[in-house]
Amino acid sequence: MVQEKRILYEHLNVPNINTYDVYRQYDGYTRFEKALAEYQPDDIAQMVKDSGLKGRGGAGFSTGAKWSFVPKDIEPRYLCCNADESEPGTFSNRYVLEKNPHLLIEGILICCYAMGIETTYVYIRGEFTLGKKMLDAAIKEAYEQGYLGENIRDTGLNVNIYTHPGAGAYICGEETGLIESLEGKRGQPRNKPPFPAVEGVFMKPTVVQNVETLCNLPFIVGNGVEWYTEMGPTYADTRSDPPTPDPNTGTKLYCISGDVNEPGVYELELGLTCTELIEVAGGLRGEEVKAVIPGGSSAPILTHYELDTRLDFTSLTLAKSMLGSGGIIVMNETRNIVDCLLNIMKFYAHESCGQCTPCRWGTPWVRDIVQRIVDGEGRKTTITRPKFGVTESGRWGDTGETEEIYEDLDLLEDVANNIANVDTMTWNTICVFGIAVSWPAVSYMRKFRPEFEAAIREGKLVTLPVAEATVPPEENYAYQQRFIPKEFSELE
Amino acid sequence: MAFIKLNDLEIEVEDGTNIVEAARQHGIEVPHYCYHPGLSRPANCRMCLIDLYLRSSEMPERQLATGCTTTVRSAPPERKIDGKYDVIVRTDSPRVIKAREDILEFLLVHHPLDCPVCDQAGECDLQDFSYRHGHDKSRYVEVKNVPPKKDLGPDVLLYTTRCIVCTRCIRFCDEVSGTGELGLINRGSHDEIDIPRNHAGTPIQLLDNKLAGNVVDICPVGALISKDFLFKSRPWFLKKENSICSGCSVGCNVTVEYKEDGLYRIKPRFHEDINQHWMCDDGRLGYHYVNNDDRLQLPQKRVEDELVTTQWADALSLITEKISEVESNDIVVIGSAQATNEDNFVLQQFAHDVLKTTQLGLFGQQLGEEHKFPQFTIEADKNPNTAGARTILGSANGNVVLEGETLWEKVAGAKVVYLVSGVPERALDEAEKEALSKVDFLIVQDILPSAVTEMADVILPGTTFAEKDGTFTNSTGWVQRIRKTIDPPGEAQSDWLITQQIANQLGGEFEYSFAGEIALAIAESVEGYGDATHQKIGDAGIKLA
Ligand SMILES: Cc1cc2nc3c(=O)[nH]c(=O)nc-3n(C[C@H](O)[C@H](O)[C@H](O)COP(=O)(O)O)c2cc1C
Ligand code: SF4
Ligand code: SF4
Ligand code: SF4
């Protein structure tokens, strides 16, 4: 049985860990002090790079690489902490804010020290009132203890943290939408490039980092790179010669919900399989797994054929899905995938910022098509083609071959792909919200097509048995060829 | 200069040009909605997608790029593609063509397609691009959004259903007028352009600034509509002529759109150094006096204190008679800052060569207010040709032109005054009124009955900027052409032609037959105007040294 590996969440449930005194008893701020005492800023940046830390907010981009794009000669630079956690199925940042806010502050301090940043904005999802209250209180304490403000602990370092509540828009989690919103404008993502690392908040270089990503920093500094890289697999990227290491190091706060017996946040090493994860979460509630959403509602769905997929950045990308925010939703045999897609599409149609044409008008259109299918009004046409053969009367003649064409399914796929094409991974939108829409739409439809067809045929939702509802991998290009990445160590 | 390959053309373009403009310069259309050369570039309509080759001529970049935000620059030798191109662009690849079709399909999802009753039909980018780049049918069968029609301000209506949310109008109000009245409300497919309102929905600010009319021009579809033009005409029935706005001394380049029965609308025309893409609403909506039913159509003379209409011959002989009776010192001739250089030149020659008077004055619209916007200024001088009139009237007179108090002093002491006005709605102040009332014989050449014509002994019907050819000189020294659109009403005539007839009755030998001929004479005799012939001025104008 796989065990949880609590690092970020180790002291989460210690009473009053949200206060400075208790946090201090559990090594609080010692990692930051160690950073100040033992390392130059560049050393820290190098350590983060070596640790292989990948952003936990969704894109899974190497944090070290992101830092290296920040021009060091432009002042001021900003750190923007993305605490807008609003991806459906994701709820791990929230616990950090509510229960252990000093950990985030320590992470922020280390990042600011490494990058020479003096101002940090924490953009907190508007609904997280408790989280914001706790963080604000912790920030106040940190100021009082001299960990924030001017000339921190007599090192000449200045760091100020400002918290900013969102107003309830999912798109303000997208880093440039967040920046616009932070600047007081409509939360609409910007065109990229320039990326925030070059032109972010107030058009100055800005590091945007998820809460969980920042919370990893104290442990990388405190325990060292080697300790950190031992957790999670490092794969070999064989596209280059010689192969380069592709680290999926560290732990991940997996938010497991849906049909499991003990839903919640589990901190586990990266690289566990779906099956293992379900086990950790108290096992499946129900008879069999029908589907798993591996990384928040934007991620393409996995079928019961893919339960051995390892839940890390690389493996999921190879499975044509993504780890995203680590929001894992398990569905058992009673769930109807069409209904499930409708739920998700309603969310996206509501949350599209409306800035660019394909997403503004395509997303509600996709929703409407799914709605029509759910309402039992999905369209199909039966066409009859002339075919030469033995007719009923035993003579040679036209036997009339019929074929059913599920127009609405083709339309659904086409409209979604016109927003963002999941096969070529090209999008005509400003931000990748577009792909977050078409990924679920197309993957659900391709992988569970029988259930969609049944809904149209029967004129109502029909929940098929798992085996019948799922299209096997061999027959469908929605699946990547089954491919387990090799670990770098195995290669050596 | 950057050397780029655009489809199969090899072209040179200035560094910093974007692909939409580069293509336009070479006759290739890259359809677009949100991009406007005078505004910032949000790249939100996604219509101008192009294929970009940055690394090799074999493989384009994975993502299509937006042509409006992709600017070309000369690259260092090692970064050139195939050793010579700075970038390779394709606007005709299959996936670009498909992307355009897809975007157009999305644009029409909620669009009402009420072209038959839409003012924009015929000059609508959505119609045109759909026709050239779109699908022939829609696959959308659901219910369309029907947001309410909105009255945004004094002249602008929003047919919200037709809006494609390109945000050009918002950006105009933010960047050019700086007034910021427009914004988006709601989100996603419910995005609507709106003005600020309170919770009850009552507007707290209207789209009421002097540049507001420009949003109608830049709206690529029929969403923003001018009330002034609403349902007046189909655009394809209108004739168009390039001209200059007569509203103030900025001299905005405009297109006058008209039919036989009058002017229908005035739209700005691009001029880089003068008005860029814009014009103000005073100029845009100020043309109505041209169509006014009260326009002076026949000469009039005063008979027993009543003005009665008369024949041209009668009016001219009456004038000749009166002028012959007085000394040249008793005559004051007043030109107009609303009249063209040509009008004023003939007047000047008449005064100088025939009447032999040095008492030449300048009349015009009263000083108004200046309005400054971040990217536009409306000047206080509400005449289009003050600078030109001053130079030309004074050109044979040691540059002395009577204006203001000195002018009215002279007028008060004169026996005959020949006043060319042409100013629409000119009020007179007390001093002016008093001076004019002292004149024995007042000849007024004007376009509309006014406080000035009320005092006249003879009224001669002249023409507006829309009814004649000629040139105006703006406050920054640009000489630009106005062109005749409609015929003048009744028997009204070009101002220079009237002056020429009076002059010839008094022994002058003027033989001008069209305005261009006068411009040649100006070029010969007026300092600085050497190049100001109609041919050389053309549509772009020339700037005086
Ligand atoms: C539509 C959309 C929503 C997103 N929402 C979030 C979010 O709620 N929280 C978050 O941390 N990142 C979110 N992201 C990812 C951010 O854009 C960005 O990649 C991330 O904050 C970078 O931090 P990281 O490198 O630490 O992951 C979202 C991205 C997209 C496209
Ligand atoms: S893709 Fe959607 S969410 Fe992203 S900018 Fe465009 S409209 Fe907004
Ligand atoms: S905006 Fe254009 S396409 Fe739409 S109704 Fe008007 S003319 Fe037709
Ligand atoms: S009203 Fe016109 S200019 Fe304004 S956003 Fe809509 S389509 Fe664009």
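You're looking at a predicted model, where local features need pLDDT of at least 70, side-chain atom pairs count only at pLDDT 80 or more, and totals for chains, interfaces and linings use all residues. Residues are numbered from 1 along each chain as its sequence is written, chains are lettered from A in the order in which they are written, and side-chain values use heavy atoms, with hydrogens and water left out.

Now widen the selection to residues 78–83 and 119–124 of chain A. These are strands β1 and β2, paired in the parallel sense over 6 bridges. (Strands are DSSP runs of E, at least two residues; helices are runs of H or I, at least four; both are numbered from the N terminus. Two strands pair if DSSP finds at least two bridges between them.)

Next stop, helix α7 of chain A, residues 129–144. It packs on the sheet and touches β2, β3 and β4 (157–165), where contact means heavy atoms within 4.5 Å. The direction of α7 makes about 160° with that of β4(A). Axes here are lines fitted to C-alpha atoms, for helices over the stretch in contact, and angles run from 0 to 180 degrees between N-to-C directions.

Then pick helix α8 of chain A, residues 175–182. What does it touch in the sheet? Strands β1, β2, β4 and β5 of chain A, with a helix direction at about 105° to that of β2(A).

Show the whole sheet: it is open, has 5 strands in the order β3-β4-β2-β1-β5 (chain A), and its pairing is mixed. Color β3 (149–152) and β5 (206–210) of chain A: each has a single partner strand, so one side of each lacks a neighbour in the sheet. Neighbouring strands are turned by 25° against each other on average, direction ignored.

Over to the interface. The contact takes 33 residues from chain B and 35 from chain A. About 2,800 Å² is buried between them, 50% of it from carbon and sulfur atoms; that is accessible area (1.4 Å probe) lost on putting the two parts together, summed over both. Select B:F106, B:R139 and B:R187, which supply 28% of what chain B buries against chain A, more than any other three residues.

Last, A:C255. Its sulfur is 13 Å from the closest cysteine sulfur, in A:C215, too far for a bond.

Note on methods:
Disulfide = S-S within 2.5 Å.
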